[in-house]
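The following exercises are to be worked through with the sequence and the model side by side. Each task is followed by a solution in steps.

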Amino acid sequence: MAVRYNPREIESKWQEKWAEDRLYEVTEDGSQPKWYALTMFPYTSGDLHIGHWYAMAPSDVHARFKRMQGYNVLHPMGFDAFGLPAENAAIKRGIHPYTWTMQNVENMRRQLKSIGAIYDWSREVITCLPEYYKWTQWFFLKLYEHDLAYRGKAPVNWCPQCRVVLANEQVIDGKCWRCDAEVVHRDLEQWLFRITRYADELKEHDGIDWPERIKIMQRNWVGRSEGADVSFSLDHPGVAEKDIRVFTTRPDTLFGVTFMVLAPEHPLVAKLTMPDRKAAIEEYIERSRRETDIERLSAEKEKDGAFTGAYVTNRVNGEKVPVWIADYVLLTYGTGAVMAVPAHDERDFAFAKKYNLPIRVVIAPPDWKGGELEQAYIEPGTMVNSAQFNGMPSEQGIKAVAEHLKKQGWGGPTVSYKLRDWLISRQRYWGAPIPMVYCDKCGIVPVLEKDLPVLLPEDAEFRPTGESPLQLNEKFVNTACPKCDGAARRETDTIDGFLCSCWYFLRYCSPHYDGGAFDPEKVKYWMPVDIYTGGAEHAVMHLFYARFFIKAIRDMGLVDFGEPFTKLFNQGIILAQRQKMSKSKGNVVTPDEYVNELGADTVRAYLMFIGPWDQGGEWDDSGIGGMSRWLNRVWNVVLDGYQARSGVALEGEKAQVDLRRFVHQTIRRVTGDMERLHFNTMISALMELTNYLLKVRESGNVAGSAWREAVDTLLLLLAPTAPHFTEELWQRTGHGYSIHNQPWPKWDEVLAREEEITLVVQVNGKLRDRLTVPASITEDEAKRLALESEKAKPHFAGKTIASVIYVQGRLVNVVVR
RNA sequence: GCCGGGGUGGCGGAAUGGCAGACGCAGCGGACUUAAAAUCCGCCGGAGUGAUCCUUGUGGGUUCGAGUCCCUCCCCCGGCACCA
């Protein structure tokens with residue numbers, strides 16, 4: 001009797017039908033509230049693996065749920081299509097990056113369609129197409145126009161394997177985010193975005209519902225710290241600068257400075273180095289330059305450095321202190337120079353010990369007798385050896401010394417950030433060309449808006465030389481200056497792909513609009529995104545850049561909101577062999593064969609059932625058969641027909657109330673779980689309803705109408721999870737097309753209410769008995785029943801009852817002594 | 001080192017401070033079958049004949065009552081890490 005349904009047949013049938021009817025195409029309909037459900041679009045790597053499905057299927061389920069709840073839902077999909085792998089494929093296999101990328105798009109689009117999501121494919125966006133990157137370039141010009149893009153020389157992160165510079169955020173543990181090669185430093189002229197101008201705003205997440213850990217990561221990345229700027233006077237033969245400035249969070253320790261340390265790359269080092277120190281200094285600089293960040297930043301590494309032979313004067317006490325260089329000082333933070341207070345800083349302490357530099361206590365530990373310190377004392381204390389500040393608590397001293405500096409004109413309170421400007425030049429081919437021109441007469445000139453897009457030439461050399469491939473392309477490089485029409489050269493670097501993903505969610509709102517990057521009216525309707533789901537690995541890259549970008553264009557008046565994503569949710573990572581799936585590790589699991597064999601609906605449901613969505617976990621297909629079995633049980637219980645037994649009127653009445661109660665409780669549970677994205681327990685609830693229906697069918701004790709209500713409800717509640725399966729059953733049970741246009745079921749609190757409860761009887765907190773009692777039972781009655789319980793009685797026989805605790809609807813706890 | 005998240009049966013996991021182990025997987029027993037698969041029914045944390053006792057990483061605490069709250073320590077995952 002039991003039948004196995006044929007997923008392959010019904011899934012392709014309904015996917016075709018939905019596409020034909022444009023069931024999921026959306027317009028800006030004012031009669032319903034809007035809901036923008038965005039899933040991070042995939043990079044066009046070639047294949048969708050099970051991890052992609054884990055990101056996409058549950059978010060589609062939630063979007064479908066919202067749709068049934070009556071929202072006008074935009075749930076778009078597209079492709080992040082610019083990036084290095086395309087170019088590497090070109091180098092390795094001689095395929096043009098465009099060809100490679102578009103082939104991958106084809107394949108991934110097919111895979112994405114097999115999920116059975118409500119993606120509105122008429123809104124698809126592909127970032128590497130000129131109709132898209134024209135506007136990426138346009139935004140670049142806008143940022144330039146508003147002084148948010150500039151060209152600067154800076155020490156940059158260089159990935160020797162990708163042969164490209166990286167933004168700070170793209171360096172993970174001293175390694176390239178894409179290829180894991182160790183990053184080294186180079187000095188290059190590059191284009192940067194002034195993301196630091198938004199540091200204070202980026203560190204706040206007011207009015208948005210984001211995971212705490214992502215907010216903390218972003219806050220740490222901004223790395224705001226309050227302190228003081230201190231100027232040390234410099235009087236060095238042949239050096240124009242008359243001071244060196246440092247940043248410190250501990251101005252209260254200023255009187256304890258016994259030396260100064262500059263970063264090896266600091267521009268003053270060459271000028272300050274005395275002739276007799278030159279050899280040692282140069283050797284040290286050479287050595288630290290050779291080291292990668294990994295070696296250099298290793299916490300274990302001993303503090304070492306070299307003495308320049310120069311001195312500066314600490315203005316507060318007139319002391320001359322020696323100037324050293326050491327690679328524990330970073331050029332890119334603060335001013336690239338620090339005042340060293342060995343008594344109260346662990347690094348300075350280690351350095352002073354190694355080179356026998358004086359250590360002077362200026363913050364007295366609580367029971368300090370004036371002796372030498374065993375280690376740096378970094379806690380607060382009382383200021384000593386600090387002239388007019390002696391006796392002041394150091395916490396107070398921080399402010400007092402900073403104010404003193406300000407009054408004297410030697411510095412003052414200031415704020416420093418860890419965040420650096422966003423470096424966006426890439427010396428590669430497969431990206432949007434930076435729309436800038438260099439003219440001998442006019443200097444740096446932006447390309448005129450009417451001349452966009454600056455097209456990527458099709459014929460380019462893809463051999464990685466470390467220079468931009470476009471540089472070798474004469475036809476591309478040589479152009480006319482937009483200002484004077486004279487001979488000029490194009491910028492040959494391309495834009496970091498992360499700019500493409502800063503605005504794709506705006507493009508989805510009006511993907512074919514050609515009057516601008518987006519239609520302002522449509523963006524006003526859809527934005528901001530109501531729920532954005534994707535991996536947490538983008539915490540300080542994509543998610544950070546996109547927030548900056550939106551704030552920047554808000555200040556240009558292009559949009560009227562400052563946060564693009566109202567709610568953010570990070571799904572967990574699906575692992576294979578305890579590692580994240582990736583092509584390079586060769587551990588990818590493709591969903592295709594599971595889909596072929598068991599159907600997309602089973603795969604969707606299984607992925608959601610394995611655990612809480614934000615948890616992820618090791619991929620293990622041993623339970624997927626169970627999911628398939630369950631759907632088959634639903635298939636059979638729905639289609640096999642139901643026969644109410646005759647002559648069961650009285651008995652049947654209770655069974656019927658019980659069934660309806662169960663159904664309405666299930667609606668309540670499933671709705672709550674859907675709202676909170678608790679998909680695993682949502683599916684458990686539907687399984688319990690199925691099991692209940694199987695028992696009811698056996699007994700035949702309810703009326704046909706109650707049975708139908710139960711079956712219809714089960715299908716409706718299951719529709720977001722198993723869209724093809726439920727569409728088929730909805731039709732076969734005589735309903736109209738489509739189940740996905742049905743309203744989400746509502747529960748009736750009265751029907752869902754329990755009539756009887758299990759009253760637990762405890763003695764001293766230990767379970768002794770369970771009583772079935774009416775839900776309306778009074779406290780006195782409950783206590784009376786508990787004290788009369790045959791099972792509980794022996795446990796308080798001969799003892800004194802100290803108190804009886806009653807918890808409404810749950811238990812009675814008899815406390816005895 | 002610092003900041004998050006986590007540790008519950010053989011496994012994935014469930015549990016507003018109130019019946020620990022829902023739901024599922026695996027396993028075991030049974031029905032159907034010549035047989036197997038599929039399907040269906042039952043059992044399924046540990047000890048004990050039993051009443052009962054033990055059990056949510058460790059040790060302590062708060063509470064009538066703790067997987068849940070507080071403190072100590074151990075382990076796993078993620079992030080940051082010479083940021084002056």
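Helices are DSSP runs of H or I with at least four residues, numbered from the N terminus. This is a predicted model, in which local features need pLDDT of at least 70 and side-chain atom pairs count only at pLDDT 80 or more, whereas totals for chains, interfaces and linings use all residues. Residues are numbered from 1 along each chain as its sequence is written, chains are lettered from A and ligands numbered from 1 in the order in which they are written, and side-chain values use heavy atoms, with hydrogens and water left out.

**Exercise 1.** Determine which residues of helix 23 are buried and what they pack against.

*Solution.* Begin with the cut-offs: buried means under 20% relative accessible area, exposed over 50%, and partly exposed in between, with a 1.4 Å probe and protein chains only. By this criterion 8 of the 10 residues of helix 23 are buried. They are Pro723, His724, Phe725, Thr726, Glu727, Glu728, Leu729 and Trp730. Next, list the partners, where contact means heavy atoms within 4.5 Å. The buried residues pack against helices including helix 1 (7–21), helix 4 (97–115) and helix 22. Finally, just after helix 23, glycine 734 takes a positive phi of about 90 degrees.

**Exercise 2.** Describe how helix 22 and helix 23 pack.

*Solution.* Axes are lines fitted to C-alpha atoms over the stretch in contact, and angles run from 0 to 180 degrees between N-to-C directions. Helix 22 (residues 704–718) and helix 23 (residues 723–732) pack at about 150 degrees, with axes 9 Å apart. Angles under 35 degrees count as roughly parallel, over 145 as roughly antiparallel, 65 to 115 as roughly perpendicular and the rest as oblique. The two helices are therefore roughly antiparallel. Helix 22 contributes Asp712, Leu715, Leu716 and Leu718 to the contact, and helix 23 contributes Phe725, Thr726, Leu729 and Trp730.

**Exercise 3.** Is glutamate 675 buried, partly exposed or exposed, and which residues does it touch?

*Solution.* Glutamate 675 lies in helix 20 (residues 649–675). Its relative accessible area is 43%, so glutamate 675 is partly exposed. Not counting residues up to four places away in sequence, glutamate 675 touches His62, Phe65 and Gln69. By contrast, its C-alpha atom is separated by 50 Å from that of aspartate 229, 446 residues apart along the chain.
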